[in-house]
Amino acid sequence: MTSLEKGAASAQGFRGALPEVRSAHPLGEQLPAVFADDDFALRFVSGLDVVLAPVFTVLDSLEAYFTPSLAPEDFLGWLTDWVGTELDGTEPLRTRRHAVASAVDLHRVRGTRRGLSAAVELAFGVRPEIVESGGATWSARPLGAFPGTPRPALHVTLRVHDAASVDPHRLRSVVAAARPAHLPFTAEVTSTPAPEGT
C-alpha cells in the first residue's frame, strides 16, 4: 500500500458525508427557475449537496486546519510531516500540537546544543544530558590553548525511570536529525537511580 493510499485509508475513518452538515450553498436554490418545480432535478442536486457540504465546511474553516491548536487530529499528522518535526506519530495529541506550533523555533536552533536538547525533550519528555567535544574561549594574549578536544564527538544520554520503555533506535534517529551535521555521535538510554531507602 502506498503512502497516498494509507493517507486515504486513514482519512476515510475521519472524513465523509455527515447528515447533520448542511450545505451553505444549496444547489437547488441556484438552478434556473425552469427547474424549480422539477422534483427529479431538485432531488438530484440535493445528492450533490450532501457531497459538497463537507467541502464548503472545510473551505469556510480552512484557517483552523493550519492552526496547530485547532487542526483536526488526522490533518495534524500531515502538518507534522510538512513542518519536519522529529515525531513518529505515537506521541500524545497535546505533544504533537506543541511540536507543530514550535517547529519554526526549533528549525532556527537546529544543529545547536539547545536545538538538540529541545528536540529530544519534545520527543521523549525528558531533557537529555549532552557532552560534546567542542568549546569556546577567549584570550587577551595570542596563542592561547584551544578549548575542547581535537577529536570531534557528541554523546547524548537520556535518563528515564524505565529504560526498557524507550526505544534506543528512536533516540538515535532524533539525535541524528537534530545534531550538528559534521559530528559523529553516540546515544544511550539509562535508568535513573532509585532514591536511597526505597
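## Architecture, cores and surface of the predicted model

The secondary structure of the protein comprises 8 helices and 3 strands, as seen in a predicted model. Read from the N terminus, the order of the elements is α-α-α-α-α-α-α-β-β-α-β. The protein has 198 residues, of which 26% count as buried. Its accessible surface amounts to about 13,800 Å², and carbon and sulfur atoms account for 60% of this area. Among contacts with a separation of 6 or more, 56% are between residues 24 or more positions apart.

Strand E1, residues 129–132, pairs with E2 in the antiparallel sense, over 4 bridges. E2 also pairs with E3, here in the parallel sense and over 7 bridges. His-155 illustrates both pairings: this residue of E2 is the bridge partner of Val-131, and the bridge partner of His-155 in E3 is Thr-186. E2 is largely enclosed by the rest of the structure, because 5 of its 7 residues are buried.

In soluble globular proteins, nonpolar side chains tend to be buried together. In this model, the largest nonpolar core has 17 residues, and those with the most contacts inside it are Leu-116, Val-120, Leu-154, Val-156, Leu-158, Leu-171 and Val-175. At least two residues of this core come from each of four elements: helix H7 (113–124), strand E2 (154–160), helix H8 (168–178) and strand E3 (185–191). With neighbours within four places in sequence left aside, Val-175 is in contact with Leu-116, Val-120, Val-156, Phe-185 and Ala-187. Another core lies apart from the largest one and has 6 residues, among them Tyr-65, Ala-71, Phe-75 and Leu-76.

Nonpolar residues also occur on the surface. Val-55, Leu-59, Leu-62, Phe-66, Trp-78 and Trp-82 form a nonpolar patch there, and their accessible area together is about 630 Å². Helix H2 (39–60) and helix H4 (73–82) each contribute at least two residues to the nonpolar patch. Leu-62, another member of the patch, belongs to helix H3, residues 62–65. Leu-62 has a relative accessible area of 37%, so it counts as partly exposed.

A search of the whole structure finds 7 salt bridges. One of these joins the side chains of Asp-39 and Arg-43, with an N to O distance of 2.9 Å. Both residues lie in helix H2, where they are 4 residues apart, about one turn of the helix. Asp-39 is partly exposed, at 48% relative accessibility, whereas Arg-43 has a relative accessible area of 52% and is exposed.

Arg-96 is buried, at 12% relative accessibility, while Glu-73 is partly exposed, at 39%.

Helix H5 also contains Leu-93. With residues up to four places away in sequence not counted, Leu-93 touches Glu-73 and Leu-76. Leu-93 is partly exposed, at 29% relative accessibility. The C-alpha atoms of Leu-93 and Gly-77 are 9.8 Å apart, with 16 residues of separation along the chain.

A further salt bridge links Arg-127 and Glu-121, whose closest N and O atoms are 3.1 Å apart. Arg-127 is exposed, at 59% relative accessibility, and Glu-121 is partly exposed, with a relative accessible area of 29%.

Key
Residues are numbered from 1 along each chain as its sequence is written. This is a predicted model: local features need pLDDT of at least 70, side-chain atom pairs count only at pLDDT 80 or more; totals for chains, interfaces and linings use all residues. Side-chain values use heavy atoms; hydrogens and water are left out. Patches are made of residues with over 30% relative accessible area and no salt bridge: like charges are joined within 9 Å, nonpolar side chains (Val, Leu, Ile, Met, Phe, Trp, Tyr) within 5 Å. Accessible areas come from the Shrake-Rupley method with a 1.4 Å probe; for residues, only the protein chains shown count as cover. A salt bridge is a side-chain nitrogen of Lys or Arg within 4 Å of a carboxyl oxygen of Asp or Glu. Buried means under 20% relative accessible area, exposed over 50%, partly exposed in between (1.4 Å probe, protein chains only). A nonpolar core is a set of buried Ala, Val, Leu, Ile, Met, Phe, Trp, Tyr and Cys residues joined through side-chain atoms within 4.5 Å. Contact means heavy atoms within 4.5 Å. Two strands pair if DSSP finds at least two bridges between them.
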